[in-house]
Structures are given as structure tokens and as C-alpha cells.
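Q: Could you take me through this model, beginning with the overall picture and then going into the details?

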Amino acid sequence: MTSGRAKRRIALTTLLVADYDAAIAWYTRALDFRVFEDRPLGDGKRWVQIGPGDADDASLLLAQPANDAQRERIGDQTGGRVDHFLYTDDFERDHASMTAAGVTFLEAPRVEPYGTVAVFVDLYGTKWDLLEPAA
């Protein structure tokens, strides 16, 4: 029996960036993300969708700010809280790879009831958790 509800999912989350190309370069190099789409929209705007998985998984939509208020939020869209959570199936592998790629971790890895985690920042200072969920 079906509930009659449409299948829904969160597909994209917007991330403000100062420059599309610099952000693409950093995320693909440092986090091994893939570019799923990079399409011009006119007036210097682009539709840039990136992520660590497949195009059907949740991903990021990179957006350059349209005004000063948005520009001020680059790197701090959540008022200092962790903004994004990058799940992994092998914390040690990804932590070592990211560290070798120059990613800045703000703390040493720690084990919590929910998994192994460490906070890192992207090229704009946006806080992320690298997290291997507990089994």
C-alpha cells in the first residue's frame, strides 16, 4: 500500500562563494568532489552543482553573492556553527587525504557517541564536520 505522497528529497543546498572557479578548484582538489553541472545563466551567473557522490545525491549549489548582504555571509552562513556535514565510510583515510591536500582542521579527531568527527574549514572559512557515523 502506498501513502499517496510524492517521493521527495533534499537535493541541493546553496553555498555562497566569492568565485566559482576558485571554489570548484578547491572542492575538487581538497575534498575530491565532482562537478555535476556548470552552466552559464547570463549576467556572470552560473549554475554550478558539486558534490562527493553521484548527481542524484544531495549536493551543493555554488552561488556568488548578488549583493553586499550576501557577500558578508560568505564563510559564515550559519553564524559560526558547523554548516555542512561530510559523511565518510573511512574517517582515517579521508582525514589523511584532506590534511595532505592542505585542508585546515580546527581540532584533532575525536570519538563521540554518534561517530568519529573533526571540524574543518573550506577556503572561505565555512565550518564543516568530517564524520564517520558510529556503526
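**Overall picture**

A: Of the 135 residues of the chain, 33% count as buried. Please keep in mind throughout that this is a predicted model.

Q: What does the secondary structure of the chain come to, and what pattern does the chain follow along the sequence?

A: The chain has three helices and nine strands, and along the sequence they follow the pattern β-α-β-β-β-α-β-α-β-β-β-β.

Q: What box do the C-alpha atoms fill, and what does the accessible surface come to?

A: Taken along the principal axes, the C-alpha atoms fill a box of roughly 50 × 45 × 25 Å. The accessible surface of the chain comes to about 8,400 Å², and 50% of that belongs to carbon and sulfur atoms.

Q: And among contacts between residues at least 6 apart in sequence, what share joins residues at least 24 apart?

A: That share is 52% of such contacts in the chain.

Q: Let's move to the four-stranded sheet; in what order do the strands come?

A: The four strands form an open sheet in the order β1-β4-β3-β2, with mixed pairing. Its edge strands are β1 (12-16) and β2, each of which pairs on one side only. With direction ignored, neighbouring strands of this sheet are turned by 25 degrees against each other on average.

Q: How do β1 and β4 run, parallel or antiparallel?

A: They run parallel, and five bridges join β1 to β4 (residues 59-63). Within this pair, Thr 14 stands opposite Leu 61 in β4.

Q: Staying in β4, is Ser 59 buried or exposed?

A: Ser 59, which lies in strand β4, counts as buried because its relative accessibility is 6%, and the cut-off for buried is under 20%. Leaving aside residues up to four places away in sequence, Ser 59 touches Ala 11, Leu 12, Thr 13, Phe 36, Gln 49, Ile 50 and Gly 51.

Q: Which strands does α1 lie across?

A: α1 lies across β1, β2, β3 and β4, and it runs at about 10 degrees to β3. In α1, the buried residues include Tyr 20, Ala 23, Ile 24, Trp 26, Tyr 27 and Ala 30.

Q: Why would residues three or four places apart in a helix point the same way?

A: An α-helix has 3.6 residues a turn, so residues with that spacing point the same way.

Q: What caps the N-terminal end of α1?

A: Asp 19 does, with a side-chain oxygen that lies 3.1 Å from the backbone nitrogen of Asp 21.

Q: And what follows α1?

A: α1 is followed by Asp 32, which has a positive phi near 60 degrees although it is not a glycine. Asp 32 lies in the loop between α1 (20-30) and β2 (34-42), and it counts as exposed because its relative accessibility is 60%, where the cut-off is over 50%.

Q: Where is Asp 43 found, and what is its phi?

A: Asp 43 is found in the loop between β2 and β3 (45-51), and its phi is near 55 degrees, a positive value in a residue other than glycine. Asp 43 is exposed, with a relative accessible area of 83%.

Q: Switching to the largest nonpolar core, which residues touch the most other members?

A: Of the 23 residues in that core, Tyr 27, Leu 31, Phe 33, Leu 62, Val 103 and Phe 120 touch the most other members. At least two residues of this core come from each of α1, β3, β4, α3 (91-100), β8 (115-121) and β9 (127-133), and α1 gives the most, with six residues.

Q: What does Leu 62 touch?

A: Not counting residues up to four places away in sequence, Leu 62 touches Leu 15, Val 17, Tyr 20, Ala 23, Ile 24, Arg 46, Val 48 and Ile 50.

Q: Last topic, then: how do β8 and β9 pair?

A: β8 and β9 pair in the antiparallel sense over seven bridges, and the bridge partner of Ala 118 in β9 is Leu 130. The two strands form a hairpin with five residues between them, and Gly 125 in the turn has a positive phi of about 95 degrees.

Q: In what sense does β5 pair with β9?

A: Strand β5 (residues 84-87) and β9 pair in the parallel sense over four bridges, with His 84 standing opposite Trp 128 in β9.

Technical notes: Residues numbered from 1 in each chain as written. Predicted model: local features only at pLDDT ≥ 70, side-chain atom pairs only at ≥ 80, totals over all residues. Heavy atoms only, no water. Buried < 20%, exposed > 50% of the residue type's maximum accessible area, 1.4 Å probe, protein only. Pairing = 2+ DSSP bridges. Axes fitted to C-alpha atoms, helices over the stretch in contact; angles between N-to-C directions. Contact = heavy atoms within 4.5 Å. Polar contact = N/O pair within 3.5 Å; in protein donor to acceptor, adjacent residues only side chain to side chain. Areas by Shrake-Rupley, 256 points an atom, 1.4 Å probe, with all protein chains shown as cover. Core = buried A, V, L, I, M, F, W, Y, C linked by side-chain atoms within 4.5 Å.
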